[in-house]
Amino acid sequence: MKQTDTPSTLLMIFGATGDLAKRKLYPSLFHLFNKGKISKDFAVIGVARREWTEEQFKKHVEDSVLTSIGTKENIDEFISHFYYQSHDVSDSESYITLKNLADSLDNKYNLHGNRIFYLAMAPEFFGTITDHLKSDGLTDTQGFHRLVIEKPFGHDLPSAEQLNNQIRESFTEDQIYRIDHYLGKEMVQNIEVIRFANALFEPLWNSRYISNIQVTSSEELGVEERGRYYEKSGALRDMVQNHMLQMVALLAMEPPIKLTTEEIRGEKVKVLRALRPLKDDEVKDYFVRGQYGPNETGGRGYRQEPNVDPNSNTETYVAGKLMIDNFRWAGVPIYIRTGKRMETKSTKIVIQFKDIPMNLYYNRDKPLAPNLLVIHIQPDEGITLHLNAKKSGQNVETTPVKLNFSNNSVDGMNTPEAYEKLLHDCMRGDATNFTHWDDVKLSWAYVDKISEVWETTKETEFPNYCAGTAGPKAADELLEKDGFYWWPIDNLDVDNC
Ligand SMILES: NC(=O)C1=CN([C@@H]2O[C@H](COP(=O)(O)OP(=O)(O)OC[C@H]3O[C@@H](n4cnc5c(N)ncnc54)[C@H](OP(=O)(O)O)[C@@H]3O)[C@@H](O)[C@H]2O)C=CC1
Ligand SMILES: O=C1O[C@H](COP(=O)(O)O)[C@@H](O)[C@H](O)[C@H]1O
């Protein structure tokens, strides 16, 4: 099939009345529609149990767009493409009606049999849905058939394997689009460009010149209403297995031969294969965990959140040191940390370069600051390069200076949301920014060792950081023992550190 930027598509959303569809999918589709990135020939079928009429569903979509975007422009035309079927996914009979509706919309909008099945539902339903899509003939059309799967993709390696085997009964690997919304973020996509489009960085991007890398993703929010899910997940499964390891793979991969899906994914997978596996007794030396407690201003602790065990041993914070045992990265620690109820919402990557071999500007009272490259993922988007320059005046004194690029000031409010980009990529058939099964498998294998050890050793110090703070002390000690420290994620001025 010829790949176009705006293919005619039937999008079937399972879980159409849920939170994800409302907050992310409908606003993203609306943006794509208004930007002309969706063909005028498209239709959406919402599927969920609620016995809504089509009008109720259209109103729900309209409200979600208005709440999120605040504009009504073209909304009537947009929602005229939406249809609804009340359907329990475990009810075999309903798939026949769904197929009939899909076939009639295919004719009405001339969709060439192109279908995207978006599973915005709990994972326990995935296998049942994909089995029926195949056995009831919903994939028996001429066009493309793509399956979009939300996280979590399993709970550990065995459950992920089981889920994968089940969906592979009905869809091939290249038809499966596993969402990791971090891969849709503008500055995460920019990592490859910064690395591979600049003569300045790539020659230095190795163990000879880089001393360590720090990847931080901190959140101000706690678990909110998701206590039930989070109790079984924790920060390790919720953030490290997917988003954090994906960012590490992009930072550490070799340049791909070409910018094709297969080549890029192939290079990322090699990084995950080179991750140094941990033995049971090494886990404590490489990974630390934290759980937020109440703070003095009345902020709730994790154990007081709804649907959370008052003696919970679940971690809401993880910091770790990853070693990549390959030629490029031998001996360079990559530190990661992520947590809920931290002091600030921020995702940043700091690449710290090694000190120069001889410091001509030695000053006992003011050591030369290291060069840093900071990639700001969110909420600010951009790059900062920290250098040393001459301080104005007669003496040859150095002072840290920063070269800044702010993506926000270039693209401003037009930077598309991650889901918008990923939905568009899926419609175009570009799976580069979706995770391949090999990534998922290797990431689970890596984190499973850590969770196995943590599950058998209760953390007696929990809670070990107050809500609204920078995380547990042990995370600082993890770097201190290597002679490093975390670069602050707010106001990173090297002369203040
Ligand atoms: N919300 C978010 O921000 C994120 C969500 N995710 C993932 O996305 C998926 C959906 O999450 P979310 O939207 O928050 O979940 P919700 O609980 O808000 O929505 C679940 C949806 O599934 C439908 N549903 C449940 N059981 C059935 C059934 N037997 N037959 C048909 N429909 C059913 C519900 O419809 P009804 O009640 O009408 O039956 C509802 O539309 C999950 O896998 C989650 O982990 C991933 C990242 C972020
Ligand atoms: O996948 C998830 O990500 C969010 C954080 O995403 P961000 O884009 O706001 O950084 C996290 O809150 C959630 O627990 C997790 O499931």
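Biologist: Is S312 buried or exposed?
Modeller: This is a predicted model, in which local features need pLDDT of at least 70 and side-chain atom pairs count only at pLDDT 80 or more, while totals for chains, interfaces and linings use all residues. Residues are numbered from 1 along each chain as its sequence is written, chains are lettered from A and ligands numbered from 1 in the order in which they are written, and side-chain values use heavy atoms, with hydrogens and water left out. Buried means under 20% relative accessible area, exposed over 50%, and partly exposed in between (1.4 Å probe, protein chains only). The relative accessible area of S312 is 1%, so S312 is buried.

Biologist: Which backbone nitrogen lies 3.0 Å from a polar atom of the side chain of S312?
Modeller: S312 sits in the loop between β9 (292-293) and β10 (317-322); strands (E, at least two residues) and helices (H or I, at least four) are DSSP runs, numbered from the N terminus. A polar contact is a pair of N or O atoms within 3.5 Å; within protein, one must be able to donate a hydrogen and the other to accept it, and residues adjacent in sequence count only if both atoms are side-chain atoms. The side chain of S312 has a polar atom 3.0 Å from the backbone nitrogen of T314.

Biologist: What share of the residues of the protein chain counts as buried?
Modeller: The C-alpha trace spans about 80 × 50 × 45 Å along its principal axes. Of the 497 residues, the share that counts as buried is 55%.

Biologist: How many disulfides does the count give?
Modeller: A disulfide is a covalent bond between the sulfur atoms of two cysteines; here the rule is a pair of cysteine sulfur atoms within 2.5 Å. C426 counts as buried at 2% relative accessibility, and C466 as partly exposed at 41%. By this rule the number of disulfides is zero.

Biologist: How much of ligand 1 does the protein bury?
Modeller: Ligand 1 is surrounded by 21 residues (a heavy atom within 4 Å), the closest being T17, D19, R23, R49 and R50. An oxygen atom of ligand 1 lies 2.8 Å from an N or O atom in the side chain of R50, and a backbone N or O atom of K151 is 3.0 Å from an oxygen atom of ligand 1. Taken alone, ligand 1 exposes 900 Å² (Shrake-Rupley method, 1.4 Å probe), and the share buried by the protein is 78%.

Biologist: Which helix gives the largest share of the shell around ligand 2?
Modeller: The residues surrounding ligand 2 include K151, H181, Y182, E219 and H243. Oxygen atoms of ligand 2 lie 2.5 Å from a polar side-chain atom of Y182 and 2.6 Å from one of E219. Taken alone, ligand 2 exposes 390 Å², of which the protein buries 82%. The largest share of its shell, three residues, comes from helix α8 (residues 227-252).
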